[in-house]
Amino acid sequence: MTGQQPAGREQSRLLAQPDQDRMTQESEVLLAHLRRRRRSDWLEGTVLVDSSVRRNGRYADGRLAETTLVVDAGMAVRLLTPDGFRYRAASAPADSLVDELLGGRSPANGRRREGAAGQRASWDAAGAAQEADTAELMALLDGIDAAARAQDPRIVQVLIFFDVVRRGVRIGSLDQGVVEDRRDLVYLTVRTVAKTGDRIAAGFYTPGIAGAPGLLDAAAIGRESAVRAVHSLEGRPAPVGEFPVVVAGGRGIVLLHEACCHPLEGDEVLKGSIYSGRVGERIAAPGVTIVDDAALPDAVGSHRYDDERVPASATTLVEDGVLRSFLTDRESALRLGTSLTSNGRCHSYQQPPIPRMTNTCLGAGALTPEEIIADTPRGIYAEHVAGGEVVEATGEFVFRVTNGYYIENGRLTDPIAETTIAGNGAKVLTDIDAIGNDVQLGAAKCGKFGQLIPVGVSGPTLRVASMLVGGTS
């Protein structure tokens, strides 16, 4: 990124053009070598050449408290056979990588997830680090800090955890050529602390975007996180028991992502998730439509192609309450006998692609958020839903509500102290009884089998008729 470009208009280049060209050449050599060794029992084969610069750290007290820069490059090849898959990943020349894969002994369960050390790939990703200019990132962090403190004199701390990723990939398959994709994103976790007397409270905000830091609005992020912190100073203990819960749009859709949609991923379906064999059945309330959209603009889970070279698409999972599809990678699609859905994703070349959500989108309803709240005699409003625990196969969950409000007589009243909401994802889908028209885009991170990847969440305000609210300890 260059200082002469308008903020947010020009993303930084991951690699200089000669390195980009060498990445393409390496991927084509790797794919050609794999094709020459092709066997009749192979169901599919893919190659991935990957180069990334990942910068993460912590900003506190108006400065960078710590930061880490990880520069990585390598390649991987994956083969699907009737017995499972083989996978090799390394910074090794193409011929060596394919030979090691084909020469390796297939384990009894047909699955191989191992890397192999080797010579450095012919391109060098280190040049990318020199282009990862921090000026735009620092302007964003300083701007958030300044806006939060200017919002209210009771703001005493602004803590920001950040991840900035610049990733370029080349992907090819046995029957298709090599394509290029970019995976640039920024993800922030903002925790703003307010204090008055002996009371301390925090406001949480987790913005993210596909692109460069300058695409995010520092002033808006700072103000919003400060407002949440100041309001929480007056927080009452949360209630305990079963209550209607109104969930804010955008980030709040992580509730559906985590609790309701993981059992729709192909590998979970193959294991016998609660939705196995139920395509065409009603699994949610009328009006509930959920789409996984891998091409959603600005969303952190978007791509042009997944990590197995399947073009991005929008997959309707639930339509007006009826289950329509599952999310697949190449292996689960073959074993389920269903279509590919562009959901084979991996953290980097070092891990195999597996079925993962991209951007989980809840379709809009007809109500305004104000109408939903006015129609709720008593309950809570979950403004920010944070992390928690989920049993992926069943959808049992517990999430933290870090910022929220009481709903009393159809009005938002006092803020509530941090609390939890718990329930079952399948029941949540059937208990959604109001959907707003205020679609917003949010961001989150999702971990599965040791792979932490960015995911988008999009949707409006919604109400779940009953969830267990855990009170305040």
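Student: By class, which residues make up the lining of the largest pocket?
Tutor: The lining has 11 nonpolar, 7 polar and 12 charged residues. Here Ala, Val, Leu, Ile, Met, Phe, Trp, Tyr, Cys and Pro count as nonpolar, Asp, Glu, Lys and Arg as charged, and the others, Gly among them, as polar. Keep in mind that this is a predicted model, where local features need pLDDT of at least 70, side-chain atom pairs count only at pLDDT 80 or more, and totals for chains, interfaces and linings use all residues. Residues are numbered from 1 along each chain as its sequence is written, and side-chain values use heavy atoms, with hydrogens and water left out.

Student: What counts as a pocket?
Tutor: On a 1 Å grid over the protein atoms alone, a pocket is an open set of points where a 1.4 Å probe fits, with protein on both sides within 12 Å along at least five of seven lines; lining residues have an atom within 4 Å of a point.

Student: OK, what volume does the largest pocket have?
Tutor: About 570 Å³, where volume is the space filled by probe spheres set on the grid points, which are joined across faces, edges and corners. Of its 30 lining residues, Arg 54, Val 165, Arg 183, Leu 185 and Pro 454 are the closest to the centre.

Student: Which strand supplies the largest share of that lining?
Tutor: That's E5, with 4 residues. Strands E1, E5 (155-173), E6 (176-182) and E23 (451-459) each supply at least two. Helices (H or I, at least four residues) and strands (E, at least two) are DSSP runs, numbered from the N terminus.

Student: And the second largest pocket, what lies nearest its centre?
Tutor: Tyr 205, Pro 207, Gln 440, Leu 441 and Gly 442, out of 22 lining residues. That pocket has a volume of about 430 Å³. E22 gives the most to its lining, with 4 residues, and the lining divides into 10 nonpolar, 7 polar and 5 charged.

Student: Switching topic: how many salt bridges are there?
Tutor: The structure holds 31, counting a side-chain nitrogen of Lys or Arg within 4 Å of a carboxyl oxygen of Asp or Glu. One of them pairs Arg 78 with Glu 331 at 3.6 Å, N to O. This pair links distant parts of the chain, 253 residues apart: Arg 78 in strand E2 (residues 63-81) and Glu 331 in helix H8 (residues 330-336).

Student: Are those two buried or exposed?
Tutor: Arg 78 counts as buried because its relative accessibility is 3%, and Glu 331 is buried too, with a relative accessible area of 7%. Buried means under 20% relative accessible area, exposed over 50%, partly exposed in between (1.4 Å probe, protein chains only).

Student: What about Asp 99, which side chain does it meet?
Tutor: Asp 99 meets Arg 37 in a salt bridge of 2.6 Å, N to O. Asp 99 counts as partly exposed at 37% relative accessibility, and Arg 37 does at 32%.
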